[in-house]
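Hi everyone, thanks for coming. Today I'd like to walk you through a structure that may be new to you, so please have a look at it with me.

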Amino acid sequence: MTRQEKGLWTAVIVLTLGMLVMGTVMVVQGMRSGRDDADAPHDTGQEEGSAIATINGEVITDKEWSDALKRRYGSDMLLQMLNRKAVYAEAVDRDLTVTPEEIAKELSVAMDGYDSEQAYFDEMKSQLGLTRQELELEAGYRLLLEKIATSGIQVKDADIEHYWDEHREDFISPEKYDLSMIMVEDEEQADSLLDDLEQGADFEDMAKAESTDSFTRDAGGRLGWIEQNDPFQPEDVMNLAEQLDVGDIAGPVQVEDGYAIIKLNDKQDAQVQSAEEVREDIRMQLALSQADPLPQVEERLRNKYEAVIIAEIPAS
């Protein structure tokens with residue numbers, strides 16, 4: 001799987017987990033509602049379910065909420081649950097496992113661009129309510145499914161070497177820069193600010209006060225980690241960053257929106273995977289290209305383990 005494909009899969013993981021979290025709430029609420037209905041006396045004059053919200057004098061009950069979640073996520077959630085049980089059963093049958101190291105490697109792609117591993121997990125928790133364990137479980141499931149799908153597929157060493165020769169850049173993580181930026185519209189103003197910075201003015205405070213870039217201003221100009229060949233950053237800015245030492249401030253550089261002053265907060269050298277890691281990644285990628293699509297593998301496993309949907313589930 002290429003870096004781009006892994007990036008896409010990360011988005012799929014996030015969307016799937018979001019659905020699973022909502023589905024879990026749905027199941028819990030449904031179970032609780034079922035118990036409440038069973039225990040409560042039958043009173044046709046009383047609305048089913050306890051109130052969870054009100055608006056404009058109208059009540060929304062937990063049953064209405066649960067039913068709405070079922071209609072939107074019900075069939076997808078149930079399918080995900082069946083897939084996981086089937087895949088885990090097959091993994092036990094074939095004695096397949098996933099190591100913590102494999103999961104960490106899978107998640108490392110999603111962490112690219114974050115200040116640290118903890119920053120990534122904090123962001124996932126803050127924005128999506130997803131815990132580290134939930135992310136690791138989803139990555140582990142994906143890896144198990146891939147191992148099942150590629151079991152028995154043989155990849156020749158010559159094919160691995162040929163692929164490596166054709167795609168060497170995919171297995172090199174380029175140099176990265178942790179950058180901050182102050183953006184202003186006028187070159188004269190940029191020169192003046194640069195003079196103040198050289199005299200000891202604080203970069204972060206100046207960015208908050210003077211920068212016109214709405215995306216970085218409130219963060220003190222912080223752009224975060226950027227790869228050397230990032231196509232979304234001005235080439236002149238990246239060329240200048242390449243020449244700086246950690247802590248250096250330089251500019252101004254003319255860009256589309258004005259003039260930029262940049263600061264290099266930190267730097268990471270280019271990372272090259274070991275030959276063993278590269279060969280294993282290529283072997284899996286080529287094996288997956290020969291395997292059935294993963295949704296078909298999941299369907300085959302559901303059939304093998306006799307998955308049966310007993311109750312009628314509303315379509316999502």
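Let me start with one term: a residue counts as buried when its relative accessible area is under 20%, and as exposed when that area is over 50%. Keep that cut-off in mind, because Glu227, with a relative accessible area of 17%, falls under it and is buried. Please also remember that what you see is a predicted model.

Let's stay with Glu227 for a moment. You will find Glu227 in strand E5, which covers residues 222-227. Met238 is 11 residues away from Glu227 along the chain, and the C-alpha atoms of the two are 8.8 Å apart.

Now for the overall picture. We have 316 residues in the protein, and 35% of them are buried. They are arranged with 11 helices and eight strands. If we take the contacts between residues at least 6 apart in sequence, 73% of these join residues at least 24 apart.

Next, let's see how some helices pack. Please find helix H2, residues 62-94, and helix H5, residues 132-150. Their axes are 10 Å apart, and the angle between them is about 55 degrees. That angle is why we call H2 oblique to H5. The crossing of the two is left-handed. Which residues of H2 and H5 meet there? On the H2 side we have Asn83, Arg84, Val87, Tyr88, Glu90, Ala91 and Arg94, and they meet Leu137, Glu138, Tyr141, Leu144, Leu145 and Ile148 of H5. Sorted by class, the residues in this contact are eight nonpolar, one polar and four charged.

H5 has another contact to show you, with helix H11, residues 294-304. Here the axes come within 10 Å and cross at roughly 85 degrees, so H5 is roughly perpendicular to H11. From H5, the contact uses Tyr141, Arg142, Leu145, Glu146, Ile148 and Ala149, while H11 brings Leu294, Val297, Glu298 and Leu301. How many polar residues does the contact of H5 with H11 have? None: this contact has seven nonpolar and three charged residues, with no polar ones.

Let's finish with a few backbone details. Asn56 is not a glycine, yet its phi is positive, near 55 degrees. Asn56 sits in the loop between strand E1 (51-55) and strand E2 (58-61). Is Asn56 buried or exposed? Its relative accessibility is 75%, so Asn56 counts as exposed.

Asp95 is another residue to look at: although not a glycine, Asp95 has a positive phi, of about 60 degrees. To find Asp95, go to the loop between H2 and helix H3 (100-111). With 65% relative accessibility, Asp95 counts as exposed.

And one last stop: the peptide bond joining Gly251 and Pro252 is cis, with omega about -5 degrees. Pro252 belongs to strand E6, residues 249-255.

Methods: Residues numbered from 1 in each chain as written. Predicted model: local features only at pLDDT ≥ 70, side-chain atom pairs only at ≥ 80, totals over all residues. Heavy atoms only, no water. Helix = DSSP H or I, 4+ residues; strand = E, 2+ residues; numbered from the N terminus. Buried < 20%, exposed > 50% of the residue type's maximum accessible area, 1.4 Å probe, protein only. Contact = heavy atoms within 4.5 Å. Axes fitted to C-alpha atoms, helices over the stretch in contact; angles between N-to-C directions. Parallel < 35°, antiparallel > 145°, perpendicular 65-115°, else oblique. Left-handed = near helix turned anticlockwise from the far one by under 90°. Nonpolar A, V, L, I, M, F, W, Y, C, P; charged D, E, K, R; others polar.
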